[in-house]
Amino acid sequence: MSGPTEWLSVTDTAHKIATGEVSAARVVDNYLARIVDVDRELGAYLTVTSDEARRAATEIDRRRAANQPLGPLAGVPIALKDNVVTKGIVTTAGSKILEGWIPPYDGAVVEKLRAAGAIVLGKVNCDEFAMGSSTERSAFQKTKNPWDTSRVPGGSSGGSAAAVAAGLCAASLGTDTGGSIRQPAAFCGVVGVKPTYGRVSRWGIVAFASSLDQVGPLTRTVRDAALVLEVISGLDPRDSTSLDAPVPRYVEALTGDVRGLRIGIPHEYFDAMIDDEIRAAIDKAKAALVERGAILVEISLPNTVHALPAYYIVAPAEASSNLARYDGIRFGKAASGAKNLFDLYVKSRGRGFGPEVKRRIMLGTYALRSGYYDAYYKKAQQIRTLIKRDFDQAFHDVDVVLTPTTPTTAFRFNSKATPLDMYLADIFTLSCNLAGLPGLSVPCGLTGEGLPVGVQLMGKPLDEATLLRTAGVIESAVGLGTRRPGDRR
Amino acid sequence: MPQLTRKEVDEIAMLARLHLEPDEAKRMQDELGKILDHFLALATVDTEGVPAMTHAVPMDLRLRADEPGPSLPTSEAVRAAPAHAADLFVVPAIIGGGDK
Amino acid sequence: MTELPELLDQWEPVIGLEVHVQLATRSKAFSPSAVRFGAPSNSLTDPIVLGMPGTLPAFNRHALELALRLGVATESKIRARGRFARKHYFYPDQPKGYQISQYDEPLCEDGHLDLILAGDLRRVRLQRIHLEEDAGKNIHAGAFSHVDLNRAGVPLVEVVTAPEIASSEEAAEFMRALHRLVRWLGISEADMEKGQMRCDANVSVRRRGEDRLGTRTELKNINSFRFVQNAIDHEIARQIRLLEDGQRIVQETRLWDAERSTSESMRSKETAEDYRYFPDPDLPPVVVDATLMAGILRALPELPTQCFVRYLKSYGLAADDARMLISDRALSEYFDAAVKAHPGDSSGRMIANWLLTELLGALNADAKTIEESPMPPERLSELLRLVEDGTISGKIGKEIFAESYRTGEPPSVIVERRGVQQISDEAALWEVVEQVVGANPKQAEAYGAGKDGLFGFFVGQVMKATNGRANPVITSDLLHKRLGR
């Protein structure tokens, strides 16, 4: 096969390589060339692992030629968010404090991807320690939204979403603590899945908030998301919170049949301030589902209003703890000229962390102080229980909950004046993490300005299959089809 | 209640071992104060008798068999350290005693 | 300066101990990294131990089992569902910036440990026993400090007593009792020199008769039984002198300096670190179910203090001997095996005597432990039976012991071969007595005239004539009869 391979789906890429229609080497080279062309402007990649990717591709081609078995993702080039730990490849989590850190081990998802034959193409940008909603908080560079380069790609997995949307990889992994996969997926017009807490191992994911973090795929199609999710899911004894539950064949769930499926529409999400064009796009998605036999059910998730404050206590509290290890002693950057031990700590951390990370560490430290714990952290954890109960209640009656992924489309750089304004960008995605539920965002159209809109689906614990099945229907009815960023440029 | 005092900001920064420049501390005081104000609403939520959720999915701790695995070679263990002398990590002299 | 004992007439010390005991596991508490004492610096680490980004804890089953063993042995309440918590502080030996510990949900609560004080049992209540991970080691080297993380992550239990220990002597005895118990149960080697067992003491004093507790200080770095006593005595005296001087006690942590026999202030507790405890989100609750508990209970042996009481009651052993026997589980098991092999009830004291003097003496001389004894308990028992039934004298018995210990030959075989059976036949001995007295008329006359000291001379002569085989009791009787008094 000649011609571009960068826009092939994961499924097609793997298929064409397996059948010999195209070589893995060529697929990799095409992506590398496109990265050179496009990424100077876009800024998705922090590290491109050209040599390693070419070596891996050659090996896949050799195996194929030798008729050796190939994994389900053999030759598929994948980009990893830079908070995914990669052996021998610099891993910074977007922070100066980790600049130049070369880990001695691979994260569980990297092991699984490699075992399935996937090729690591590089590490992509994110907000520092995944704290942010625009990727503007990366210590290293800006990443632009491929649909409109004056706008942010969302965050924190902005590099992951932008790279997939711009055809700079076949698929990517992101992490989602409060919407960090789904929000950038919506902003960049790609599919993003936040699995059930415990579905995917967190071993080798630079921790932000341990009780909320999950890794998941960002892809151009629902089928691709299903394929990658299947590969990275499953029990890992190294992660004590990893669930011991069988991994379904997610691809087989994509039947296109939503007849009788009960879809909950929580009015709290629709009463909120939402862009009109988003409301209209979501309505089209709802209508398409109804047309195919699904039933819409008005529901209430009354504690939704508490999700934001609860999240901004729990996540910073856990972050303040998880980030205590960055002290400039065993790895990472140390401040030079420290006068004494205390000085080493405060300066290494004071200089190594960016403003948003410091803000969250301060907030979290505040909430965990003795005497404050009950009023803040514990209270927030109780509210999580209330939020979870809302969903449990709703799932007695419905199979899926449908909401907008974001209240607005991708916003312009430097447009969020205060930290709180930025925090509000995640308002629809936080509950899912607080309750540990699976959620995804799937594109459901473009606005008049040509900006993608995402619809969010949330499901019962471990019921990613139903979410993917529903998303598949939305994708085929109101998805972006073959529209790509840059079409109008 | 919240509205942080500057003294509180300094105390928290000290606890978190974060050096803040004076203007940074000032800004932090202002921003954190506003965020904490936003949290005030939580106090009004009735959580009497509601269990705190510490794990999103209820489960029991798995136990690992007591079998030693490989250790990192010493050179690899100290490789990424900003300062190390042969096989040891190096820090400025610890004055006084331990902290636990 | 007034001596401590006098001061104690008016002042009452109140002591609580916090003892850290390393658990004898092969791998660390939350990582598979190996545990070994004395390995080269930083050779026992892995990404988890180093606190590298992305690493997660997975808890060691055996650490839980060992902690439960201690909980059951101290009759503690065991928590069916408990949590690990993170305790935050910045220190170079603490790689994650927090220690995984337990806070408001410890594994064990409300237990007790019995001490043997002046031959009696004294019960000390335990507030809690919880699991946690050890820190690494900071090595001070001039302008810099060095950090070795080999020890980081080794599982520990922290045992916290109620504040009801009344003297330094009792505190030291508590440490010995705990040391004995954890070794007995295979929970820890508990070698204080290796830091496998470490003690912090909370000390306060109050005027006798007063209810309210005084301000306490915490003493750290106490790493031998002797130092426990010295450090606490020093602190009690320091506090009493300050109070008698009209000064107040500052709540603080003090570091014991064993070389200079003094303590110095480390930091004031009033500006103490805030540890910001919260449940570790990486670790779901530790569940102790019925199966796990049944296994622990099934494997629990008779405890040392139970043995102690049994030795006193069943065999009438002296408290010191009983205490010596329970100092080591193998020694106690040796004793029990020897007693079991030996018929009769009165044999316990004799076995204890021979075991503690002859056998331990010989083993000590050879630098061997009781487990390495070349003489099994059944053989010691056999030898003592020969002494007890009069086949050989005690004196000969010691020779036979020495030979059997050296060669491994059964005592009865040695006795037979050497022909050293005791002569208890009165007629035969009478003949010997006649001969000896007849051959020494002057001494017989002197003895008759009141020179009592000569009696031993005659006994010696009889022994000499019989190669030591004469039954000493019968010999003595016959000599008295022959010599007329």
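1. Confidence in chain B. The model is predicted, and chain B has an average pLDDT of 89, with 92% of its residues scoring at least 70.

2. The contact between chain B and chain C. On the chain B side 33 residues are in contact, and they meet 48 residues of chain C. Helix α3 (74-79) and strand β2 (88-92) of chain B each supply at least two residues of the side of chain B that touches chain C. The most is given by β2(B), with 5 residues. By class, this side of chain B has 17 nonpolar, 8 polar and 8 charged residues.

3. Overall form of chain C. Chain C has 16 helices and 16 strands. Its radius of gyration is 30 Å, whereas the globule rule gives 23 Å for 485 residues; chain C is therefore more spread out than a compact globule. Taken along the principal axes, the C-alpha atoms of chain C fill a box of roughly 95 × 55 × 45 Å. Of the 485 residues in chain C, 47% are buried. Among contacts in chain C between residues at least 6 apart in sequence, those joining residues at least 24 apart make up 68%.

4. An open sheet in chain C. Three strands form an open sheet in the order β5-β4-β15 (chain C), with antiparallel pairing. Its edge strands are β5 (98-101) and β15 (278-279) of chain C, each of which pairs on one side only. Strand β4 (residues 85-88) of chain C is joined to β5(C) by 4 bridges, the two running antiparallel. Here C:Ala85 has C:Ser101 in β5(C) as its bridge partner.

5. A left-handed unit in chain C. What is the handedness of the β-α-β unit that β12(C), helix α4 (residues 225-244) of chain C and β13(C) make? The unit is left-handed. Its strands, β12 (residues 217-222) and β13 (residues 252-257) of chain C, pair in the parallel sense over 3 bridges. In this pairing C:Glu218 stands opposite C:Thr253 in β13(C). The handedness is worth noting when the model is examined.

6. Overall form of chain A. Chain A contains 16 helices and 11 strands. Its radius of gyration of 21 Å is close to the 23 Å that the globule rule gives for 489 residues, so chain A is as compact as a globular protein of that length. The C-alpha atoms of chain A fill a box of roughly 65 × 55 × 45 Å along the principal axes. Of the 489 residues of chain A, 65% count as buried. Residues 24 or more positions apart account for 76% of the contacts in chain A with a separation of 6 or more.

7. The contact between chain A and chain B. Here 54 residues of chain A are in contact with 41 residues of chain B. Helices α10 (307-322), α11, α12 (355-368), α13 (374-394) and α14 (419-423) of chain A each supply at least two residues of the side of chain A that touches chain B. The most comes from α13(A), with 10 residues. By class, this side of chain A has 29 nonpolar, 15 polar and 10 charged residues.

8. A:Arg349. This residue is found in helix α11 (residues 341-352) of chain A. Is A:Arg349 buried or exposed? A:Arg349 is buried, because 29 other C-beta atoms lie within 10 Å, and the cut-off for a buried residue is 20 or more. Not counting residues up to four places away in sequence, A:Arg349 touches A:Tyr326 and A:Asp327, as well as B:Arg17 and B:Leu18. The C-alpha atoms of A:Arg349 and A:Ile97 are separated by 7.5 Å, although these residues are 252 residues apart along the chain.

Technical notes:
Residues are numbered from 1 along each chain as its sequence is written. Chains are lettered from A and ligands numbered from 1 in the order in which they are written. This is a predicted model: local features need pLDDT of at least 70, side-chain atom pairs count only at pLDDT 80 or more; totals for chains, interfaces and linings use all residues. A residue is buried if 20 or more other C-beta atoms lie within 10 Å of its own, exposed if 12 or fewer, and partly exposed in between; C-beta atoms are placed from the backbone. Two residues are in contact if their C-beta atoms, placed from the backbone, lie within 7 Å. Ala, Val, Leu, Ile, Met, Phe, Trp, Tyr, Cys and Pro count as nonpolar, Asp, Glu, Lys and Arg as charged, and the others, Gly among them, as polar. Two strands pair if DSSP finds at least two bridges between them. A crossover is right-handed if, with the strands pointing away from the viewer, the path from the first strand over the helix to the second runs clockwise. The radius of gyration is taken over C-alpha atoms; the globule rule is 2.2 Å times the number of residues to the power 0.38. pLDDT is the predictor's confidence in each residue, from 0 to 100.
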